[in-house]
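Work through the exercises below with the sequence and the 3D model at hand. Try each task before reading its solution.

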Amino acid sequence: MEFQFPLDVDVHCSDGLCGRSTHVILNPVTEQVSHIVVKGKQSGVERLVSVKLVANTASEVILLSCSKDK
């Protein structure tokens with residue numbers, strides 16, 4: 001399944017809101033999205049998240065298949 005990766009939308013883990021999407025990272029060889037960058041809601045820390053953890057996306061949300069601890 002191929003997803004669209006909207007920017008500046010809420011990103012939810014299995015246990016709640018974890019932040020907002022800020023960037024997408026492309027694999028330079030395949031030119032496919034390999035990671036998304038998620039800025040933490042409270043901490044402001046940006047984390048690199050593999051697209052393998054994306055369960056679903058919509059125009060205003062990204063759902064991850066992991067907890068906030070992962």
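**Exercise 1.** Find the distance from N to O in the salt bridge between Arg20 and Asp10, and state which strands the pair ties together.

*Solution.* In this predicted model, the side chains of Asp10 and Arg20 meet with N and O 2.7 Å apart. The cut-off for a salt bridge is 4 Å, so the pair qualifies.

**Exercise 2.** Classify Asp8, Arg20 and Asp10 as buried, partly exposed or exposed.

*Solution.* Buried means under 20% relative accessible area and exposed means over 50%, with partly exposed in between. Asp8, at 53%, counts as exposed. Arg20 has 34% and is partly exposed. Asp10, with 27%, is partly exposed.

**Exercise 3.** Describe the largest nonpolar core, and list what Val54 touches.

*Solution.* Begin with the count: this core has 13 residues. Those with the most contacts inside it are Val11, Cys18, Ile36, Val38, Val54, Ile62 and Leu64. Then look at the elements: strand 1 (10-13), strand 3 (33-40) and strand 6 (61-64) give two or more residues each. Finally, take Val54. Leaving out residues up to four places away in sequence, Val54 touches Phe3, Phe5, Ile36, Ile62, Leu63 and Leu64. As background, nonpolar side chains tend to be buried together in soluble globular proteins.

**Exercise 4.** Describe the largest pocket by its volume, its lining and the strands that supply the lining.

*Solution.* The volume is about 390 Å³. The lining consists of 19 residues, and Cys13, Cys18, Gly40, Arg47 and Lys68 lie nearest the centre of the pocket. Sorted by type, the lining has 10 nonpolar, four polar and five charged residues. At least two lining residues come from each of strand 2, strand 3 and strand 4 (46-50). Strand 4 gives the most, with three.

How values were computed. Residues numbered from 1 in each chain as written. Predicted model: local features only at pLDDT ≥ 70, side-chain atom pairs only at ≥ 80, totals over all residues. Heavy atoms only, no water. Core = buried A, V, L, I, M, F, W, Y, C linked by side-chain atoms within 4.5 Å. Buried < 20%, exposed > 50% of the residue type's maximum accessible area, 1.4 Å probe, protein only. Helix = DSSP H or I, 4+ residues; strand = E, 2+ residues; numbered from the N terminus. Contact = heavy atoms within 4.5 Å. 1 Å grid on protein atoms, 1.4 Å probe; cavity = no way out; pocket = protein on both sides within 12 Å on 5 of 7 lines; lining within 4 Å. Points joined across faces, edges and corners; volume = space filled by probe spheres on them. Nonpolar A, V, L, I, M, F, W, Y, C, P; charged D, E, K, R; others polar.
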